Amino acid sequence: MIQATLPVLAALLLSISNLKAKNQTLPEAPGLQAGKIALGSCTTPSGTGTCEETSKCTGTTYSGYCPGSSDIQCCVEGGPGPDPVSGDYGVDVSSSVSSSSASCLSDSGNNFIIPRGFCSTGSVDPSVCTTIINAYKAGFKTRDTYMFPCPTCSSSASSQMGTLVDYLNSHCKSEWSGRVWLDIEGSQYWTGSSSNNRAWYEDLVDSCDKYGVDCGVYSSASQWSAIFGSSSYSYGSYLPLWYAHYDNKASFSDFSSFGGWRSPHAKQYAGDVTVCSTGVDKNYAEKF
């Protein structure tokens with residue numbers, strides 16, 4: 001048995017020697033290129049990709065399409081830029097955006113950003129001005145903020161608006177574009193009474209004029225009805241509407257009137273994606 005294998009071993013050694021002499025290398029295994037470990041394929045509404053660590057992805061990552069830990073997401077290559085439809089594109093964020101990420105987001109074709117300015121706990125988000133200033137330096141055309149109010153807190157709607165506006169004016173007045181989007185969603189954060197919710201919201205809308213700020217409303221038909229008891233309730237419908245519908249389409253063709261709005265200003269069309277190492281929601285406007 002040993003003597004029978006010697007010719008085979010000799011041939012193998014000769015083959016390896018010839019390979020080295022020609023300065024050739026063995027091909028890399030699929031999924032191991034550039035130190036990346038692919039964990040399988042995945043398909044999202046934005047395209048087919050591979051499951052991998054978010055830090056390794058050079059495209060856009062989408063959560064919910066891969067097994068494993070939260071940092072394993074579907075990576076769809078092709079760059080983090082917005083869909084090729086004419087109009088304005090932007091992101092909203094609930095955490096601080098670094099200067100490098102702001103530059104990356106701007107370079108990717110986004111021209112407006114909306115960081116959270118006020119939290120559901122009833123306090124200002126201390127990272128709001130850091131993001132606004134970094135976005136300003138990165139060249140974002142518009143740098144708004146959104147307010148997630150606290151209707152169940154002891155402070156009034158007007159008082160909460162005043163707290164936010166005072167903070168913005170004190171820390172990033174020249175970089176802030178001047179608009180506050182009123183985030184109207186999550187009936188669990190409201191009082192449970194549609195009449196009380198309406199009264200609180202009306203005070204919030206009126207406070208925009210009181211503090212001299214431009215406001216807009218972020219909501220969806222389902223959230224609006226759940227909080228105010230009817231999709232036809234229309235207080236504040238003179239304000240621009242930013243609505244949410246996660247269909248991954250940068251288009252208003254899906255919009256149905258609610259709350260007195262006949263047409264929207266902007267649409268949040270994709271949520272919970274990672275772009276430029278930052279968790280964002282993706283937004284579209286014909287002109288923001």
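Helix α3 spans residues 128-138, and V128, C129, T131, I132, N134, A135 and A138 in it are buried, that is, under 20% relative accessible area, against over 50% for exposed and in between for partly exposed (1.4 Å probe, protein chains only). Helices (H or I, at least four residues) and strands (E, at least two) are DSSP runs numbered from the N terminus. The cover over the buried residues of α3 includes β5 (88-93), α2 (99-107), β6 (112-118), β7 (142-143), β8 (145-147) and α4 (157-171). After α3 comes G139, with a positive phi near 100°.

This is a predicted model, in which local features need pLDDT of at least 70 and side-chain atom pairs count only at pLDDT 80 or more, while totals for chains, interfaces and linings use all residues. Residues are numbered from 1 along each chain as its sequence is written, and side-chain values use heavy atoms, with hydrogens and water left out.

The largest nonpolar core has 41 residues, of which M161, L182, I184, Y201 and W224 touch the most other members. A nonpolar core is a set of buried Ala, Val, Leu, Ile, Met, Phe, Trp, Tyr and Cys residues joined through side-chain atoms within 4.5 Å. At least two residues of this core come from each of α3, α4, β9 (179-183), α5 (194-210), β10 (214-219), α6 (221-228), β11 (241-244) and β12 (266-275). Another core, of 20 residues, lies apart from it and includes V76, A102, I113 and A138.

F258 sits in the loop between β11 and β12 and is buried, at 4% relative accessible area. Beyond neighbours within four places in sequence, F258 is in contact (heavy atoms within 4.5 Å) with S219, S220, A221, W224, S231 and L241.
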